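Please read the following points beside the sequence and the model.

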Amino acid sequence: MALDSLAVDAWLKDFASEIHDNAELLTDLDREIGDGDHGINMDRGMRAVAALNPSEFPAAADYLKKAGMTLVSTVGGASGPLYGTFFLRVGMAWTTVEDAASLGLALRTGLDGIIQRGKASIGDKTLVDALSPALDAFDAHASEGISAALAAAALACAEGRDGTIPLIAHKGRASYLGERSAGHQDPGATSMTMLVEAASRTLS
């Protein structure tokens, strides 16, 4: 059965709730190595996304694209363009999502969009360090079905998030700190983990 607009709505609303509940944490993490506004910005953007009406988007792909455009227009800093690009690209590839293989392809299309937009690689201390290993784990478990693949992805995403702590940032505002950025958890990798965990809870 294809993952429809209602499934996407459940995912986005769950993510919005997680962001809202952890906005202070995300802002505190960003204050240590960035502008100190990641939680505030993401909460504002995801509240706008959560306010979208799924009944206005018969196609899940259109819903995801609208979510992406909403984030681009409401979230400041780097987060808006990166998360907006992610959802726009996922939406472009979502038209035939009905099993683990097609869902994994759509999510990886979103990752590719983030990499193209942010020019980040593994080890740069960004959300790519969480999402890339998450999708590798997803692909490794795709033959077991969506639920198992997403569960594996959520675990790998959290490990990637924690793995950003010792890294020295090479992208974004955190890169200005040089070696002083080591020892801090990346806020983008933290919010990305919330997104993947929300997918595991709702898309399974």
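Are Phe-57 and Tyr-63 buried or exposed? Both Phe-57 and Tyr-63 are buried, where buried means under 20% relative accessible area, exposed over 50% and partly exposed in between (1.4 Å probe, protein chains only).

1. This is a predicted model, in which local features need pLDDT of at least 70 and side-chain atom pairs count only at pLDDT 80 or more, while totals for chains, interfaces and linings use all residues. Residues are numbered from 1 along each chain as its sequence is written, and side-chain values use heavy atoms, with hydrogens and water left out.

2. There are five aromatic pairs in the structure, a pair being rings of Phe, Tyr and Trp (its six-membered ring) with centres within 6.5 Å, called stacked if the planes are under 30 degrees apart, edge-to-face if over 60 and tilted for the rest. One of them joins Phe-57 to Tyr-63 in a stacked arrangement, with 5.2 Å centre to centre and 0 degrees between the planes.

3. Phe-86 and Phe-87 make an edge-to-face pair, at 5.3 Å centre to centre and 75 degrees between the planes. Phe-86 counts as buried because its relative accessibility is 1%, and Phe-87 is buried because its relative accessibility is 1%. Ring pairs link Phe-86 and Phe-87 with Trp-11 and Trp-94 into a cluster.

4. Ser-102 lies in helix H6 (residues 100–118), helices being DSSP runs (H or I, at least four residues) numbered from the N terminus. Ser-102 counts as buried because its relative accessibility is 13%. Leaving aside residues up to four places away in sequence, Ser-102 touches Thr-96 and Val-97, contact meaning heavy atoms within 4.5 Å.

Definitions and conventions: Helices (H or I, at least four residues) and strands (E, at least two) are DSSP runs, numbered from the N terminus.
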